[in-house]
Amino acid sequence: MKVILVCSDYQKKMFPYDKEWQTASLEILNTPNIIRQIDFFLQNGIQPNDLYVYLAYQQNQVIPLLKQYEGIHLGKNYKNFREFLSAYVSTFDDQTLIVKSDYVFVNEDLHQVINHQDTDFVLLTEKQESTKAICAKVANEKITYFLGHPRDHYVTHEVAGIYCLSKQALDYVIHSSNGFDKRISGSMIPDQFYIENGLNQFIESGNQIKSVIAQYNVFQLLFPWSILDANSYHLNRLVDLLSEESISSSAKIEPSASINGKLKMGENSYIGKNVIINGNVVIGENVVIDNGAILNGNILIGDHSYVKDYAKIEGPTVIGKENKFGHNAEFKGVSMKGVSAIHYSEMFGVIGRYVDIAAACVCGILRFNDTEQPHKISGQTYTAKNSNAVFIGDYTRTGINNVFLPGNKIGSNSALYPGLIVEKDVPHETIVLKKQETVERHWGPNKYGW
């Protein structure tokens, strides 16, 4: 079996993690998603020289990640995916997997895929929002057709990012036209490449494509809140698999620490005085949790981080590597590498790489009408479970006492003025200054009767 991992094109919907990130490189439990996929296939018998990576947007971010593997084929400098397929198709088997690396899978579903006997099949999930997805109609385990963003009654399932195809089916994909030839009257579909268009033509020529239904949740990293959704789900699965404590011999726990839950600790990590843990916590290497820190719920803490001085972390939360949470800082969500929040702050959301959360920053995540915050992107409005969270792009500096309204997205390499109420999204590479009017009047002891 050959496996093709597909890195996505530029994804505007992922703002503020669009400019600096290839979506396949976004991290799940502190590991780039494409690395999670590669490691799975290697551990399950796929040889490195049977792995192909199609590099698209931000390919220079992906290439260094793959240097640890020898023999993987890197598809660089191709105009599009069809050109890449044309170049390599002669080397492929009659059971070739195409895996989109902006999808996050549970390993059990990947096992189901690589052990499936049919030559041509597609992984599907139960239908959720058909008008916002590529979908399929299934009858007797066979796919009748694929449609793009159809109304609910036309389809039965959503496509989930994995295709197992014969050389014949791949030939249809290579020679397919842009858009969807098969569509509903009145539908408007972008003039771009879709694997499913070629597969529709393959089916119409009398061939069969079977359906394989995912048994677990599948996440597409499409919106910034998808990062929260996928990390939360996989963190909860990770701690559920902890059957007992696993504490490195070089780790240390002070007797005054109160621990109520399962614990996994890496090399040279330390839980200090008066720490309170109420939940299941996975701690990396060289991590310090000290001086009254409070951890509630399922939490993962990356290597070389600290949580101390009465900082409070609420689960489910994934803290990145080299993070600093101290002095009454409160956090819930996902923080990437190098985040610092060390003075009285309360944040929920996704915090990008090396973001500085200044003193007294707070976010409001509950709207007055208790509904999800809508986000208008390219003419379409989206809402989701975690769309009320705050999303801050890489390398951005917040200001003292910033207040973030629900769903605010702050671009990368930006800066916010102290005392600013952030009421709307901030573009990349932008500083937001605050105009302040003051009134000066005479004051002195005479005002007090002297």
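How many residues of the lining of the second largest pocket are nonpolar, how many polar and how many charged? The lining divides into eight nonpolar, six polar and four charged residues. Here Ala, Val, Leu, Ile, Met, Phe, Trp, Tyr, Cys and Pro count as nonpolar, Asp, Glu, Lys and Arg as charged, and the others, Gly among them, as polar.

The model is predicted: local features need pLDDT of at least 70, side-chain atom pairs count only at pLDDT 80 or more, and totals for chains, interfaces and linings use all residues. Residues are numbered from 1 along each chain as its sequence is written, and side-chain values use heavy atoms, with hydrogens and water left out.

**The pocket**

The second largest pocket holds about 480 Å³ of space. A pocket is an open set of points on a 1 Å grid over the protein atoms alone, where a 1.4 Å probe fits, with protein on both sides within 12 Å along at least five of seven lines; lining residues have an atom within 4 Å of a point. The volume is the space filled by probe spheres set on the points. Of the 18 lining residues, L29, R36, N107, H234 and L238 lie nearest the centre. Helices α1 (33-43), α4 (107-114) and α7 (224-240) each supply at least two lining residues, and α1 gives the most, with six. Helices (H or I, at least four residues) and strands (E, at least two) are DSSP runs, numbered from the N terminus.

**Strand β4**

Strand β4 (residues 51-54) is covered on both faces, with L51 and V53 buried on one side and Y52 and Y54 buried on the other. Buried means under 20% relative accessible area, exposed over 50%, and partly exposed in between (1.4 Å probe, protein chains only). β4 runs parallel to β1 (residues 2-6), joined by four bridges, and V3 stands opposite L51. Three bridges join β4 to β5 (residues 73-75), also in parallel; two strands pair if DSSP finds at least two bridges between them.

**Salt bridges**

A salt bridge is a side-chain nitrogen of Lys or Arg within 4 Å of a carboxyl oxygen of Asp or Glu. By this rule there are 13, among them these:

| Pair | N to O distance |
|---|---|
| D50 and K2 | 2.7 Å |
| K19 and E429 | 3.1 Å |
| E108 and R237 | 3.0 Å |

E108 lies in α4 and R237 in α7, so this pair ties together parts 129 residues apart in sequence. D50 is buried at 17% relative accessibility, and K2 is buried at 12%. K19 is partly exposed at 30%, whereas E429 is exposed at 53%. K19, E20 and E429 are linked in a network of salt bridges.
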